Amino acid sequence: MKIDHSEKRVIYYKDELNDDFGNIEITRVEVPENYKYERNLFERTFGNLLYWVAAKLVLGGYCLFKGMKVENKENIKEYYRLLKENNSGGFIYANHVGNDDAFYIQSFIIHKKRVNVIANPNILSSKPLTFFTRQLGYIPLGNTFITQAKMMKGMEFYLKVKKQHILIFPETHIWPYYTKIRPYRNASFHYPAKFNTPILPIVTTFKERKNKNKKPKQVVKICKPIIPNKDYSIKENKEYLRDTCYKEMVEASTSYQQAEYIKYIKKNEEN
């Protein structure tokens, strides 16, 4: 049976910074103060097997099956070059338009070194989910002074020792199939400013298919990598990186007329 997508689903929102439409019900928790951010030997061994074999093959194949397209791959090469020059890992910033965002970035887009993901600590409410996501690079966002300090130490380990990537969704919340870049705070840009590492903005966009009864095709646009300004303080770089990243992401999202699969309407603008 064919699905008729001619009638758009409509989502009404109040707050672009705080509304979440990911439809994932998980109990809110805090990161335990004894949480170990650095994976042990068993986790690294099992995690590498899960990450490079299962995730890369299965999820990478799924992305190919979906017909996902990646544009401006030359910017990934430039990002790799900057990382090598900096002798470190780096940060990837992406818009948050689906529950599988992190997985396709890990499995289909970035192939040199592992991609860790900073995410809400709510996942810790499920032990099985915590175990598997941890192996795939999950880094829970610390919500106390102690856990934030431990998180920073763990991030430094992955960046400086392992030379890996850390993926951040600055919009924080999931808005499925949203075609714009929502405003986001500069808080997460403290990390690349502090560790003096390059960042790579990535934007998922949606292109209408010939068969309009199908969901739009995902086109991932790789933006130009950004490096901290050597003449700026950490605070100044935090602002600079946020503003430059946001500008790059907006330009990528508006580079062509995207297919609006879900219509978003602000409640006070309904009429």
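A: What follows goes through the salt bridges pair by pair, with the setting of each partner.

The model is a predicted one, and a search of the whole structure finds nine salt bridges. In one of them the side chains of Lys221 and Glu71 meet, with an N to O distance of 2.5 Å. Because Lys221 belongs to strand 8 (residues 217-222) and Glu71 to strand 2 (residues 69-71), this pair ties together parts that are 150 residues apart in sequence. Lys221 is buried, at a relative accessible area of 9%, whereas Glu71, at 23% relative accessibility, counts as partly exposed; under 20% would be needed for buried. Both residues also belong to a network of salt bridges that links Lys69, Glu71 and Lys221.

A second pair lies within a helix: the side chains of Glu85 and Arg81 meet in a salt bridge at 3.2 Å, N to O, and both residues lie in helix 2 (residues 74-86), four residues apart, which is about one turn of the helix. Here Glu85 counts as exposed, with 61% relative accessibility, while Arg81 is partly exposed, with a relative accessible area of 41%.

Glu171 and Arg182 form a further salt bridge, in which the closest N and O atoms are 3.0 Å apart. Since Glu171 and Arg182 both lie in the loop between strand 6 (165-168) and helix 6 (190-195), the pair ties together parts that are eleven residues apart in sequence. Glu171 is buried, with a relative accessible area of 3%, and Arg182 likewise counts as buried, at 1% relative accessibility.

Conventions: Residues are numbered from 1 along each chain as its sequence is written. This is a predicted model: local features need pLDDT of at least 70, side-chain atom pairs count only at pLDDT 80 or more; totals for chains, interfaces and linings use all residues. Side-chain values use heavy atoms; hydrogens and water are left out. A salt bridge is a side-chain nitrogen of Lys or Arg within 4 Å of a carboxyl oxygen of Asp or Glu. Helices (H or I, at least four residues) and strands (E, at least two) are DSSP runs, numbered from the N terminus. Buried means under 20% relative accessible area, exposed over 50%, partly exposed in between (1.4 Å probe, protein chains only).
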